[in-house]
Amino acid sequence: MTVLVLHGVNLNMFGRRDPAQYGTATLDDINAALAALAAELGAGLVTFQTNHEGAMVERIHAALDDGTSAVVINAGAWTHTSHAIADALALLPVPVVEVHMSNVHAREPFRHESVLARVCAGSIAGFGVQSYLLGLRAACALVR
């Protein structure tokens, strides 16, 4: 089993971007925690971050043929705007779990709607780095 974790726009700035909202963990810290949990769960892990929507869509397309068993995605602001990413995720025959570090439902109104939700098995929000780890656990459970 190989889980692909996708990090969207501006998420390379974790640790520097609004620590009150997102905490002080960096993207490297998050990826290290995911790698440790993946090893514990007996899963392979691939991570990818981009600030370019087309690159995200192309990486999702690549998951059709690269052995990806499940996807965990934090698309950042694209969660609320990118029908292109939603359409790409809809192509995948594997479970997709949406995650968010902050509680998007307690934030600005535009963050309350996810255009990705329709193609995701579920979403986890508001638990900081734990959102990613819970998402990885959920993705693995959906594959098994």
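Is Arg137 buried, exposed or partly exposed? Arg137 is partly exposed, at a relative accessible area of 41%. Here buried means under 20% relative accessible area, exposed means over 50%, and partly exposed is in between, with a 1.4 Å probe and protein chains only.

Before going on, a word on the model. It is predicted, so local features need pLDDT of at least 70 and side-chain atom pairs count only at pLDDT 80 or more, while totals for chains, interfaces and linings use all residues. Residues are numbered from 1 along each chain as its sequence is written, and side-chain values use heavy atoms, with hydrogens and water left out.

Now the salt bridges. The criterion is a side-chain nitrogen of Lys or Arg within 4 Å of a carboxyl oxygen of Asp or Glu. Searching the whole structure gives three.

Arg137 pairs with Glu40, with the closest N and O atoms 3.7 Å apart. Glu40 belongs to helix H2 (residues 27-41) and Arg137 to helix H5 (residues 129-143), so this pair ties together parts 97 residues apart in sequence. Glu40 is exposed, at 61%. Helices (H or I, at least four residues) and strands (E, at least two) are DSSP runs, numbered from the N terminus.

The next pair is Asp87 with Arg118, where the closest N and O atoms are 2.8 Å apart. Asp87 sits in helix H4 and Arg118 in the loop between E4 and E5, 31 residues apart, which links distant parts of the chain. Asp87 is partly exposed at 45%, and Arg118 is exposed at 54%.

Then there is Arg59 with Asp66, at 2.9 Å between the closest N and O atoms. Arg59 is buried, at 15% relative accessibility, whereas Asp66 is partly exposed at 39%.

That leaves strand E4, residues 96-100. Five of its five residues are buried. In a regular strand, side chains alternate between the two faces of the sheet. In E4 both faces are covered: Val96, Glu98 and His100 are buried on one side, Val97 and Val99 on the other.

What does E4 pair with? Strands count as paired if DSSP finds at least two bridges between them. Strand E3 (residues 70-74) pairs with E4 in the parallel sense over three bridges, and Ile73 stands opposite Glu98. From E3 the chain passes through helix H4 (residues 83-90) to E4 in a right-handed β-α-β crossover; right-handed means that, with the strands pointing away from the viewer, the path from the first strand over the helix to the second runs clockwise. E4 also runs parallel to strand E5 (residues 122-125), joined by four bridges. There, His100 stands opposite Ala125.
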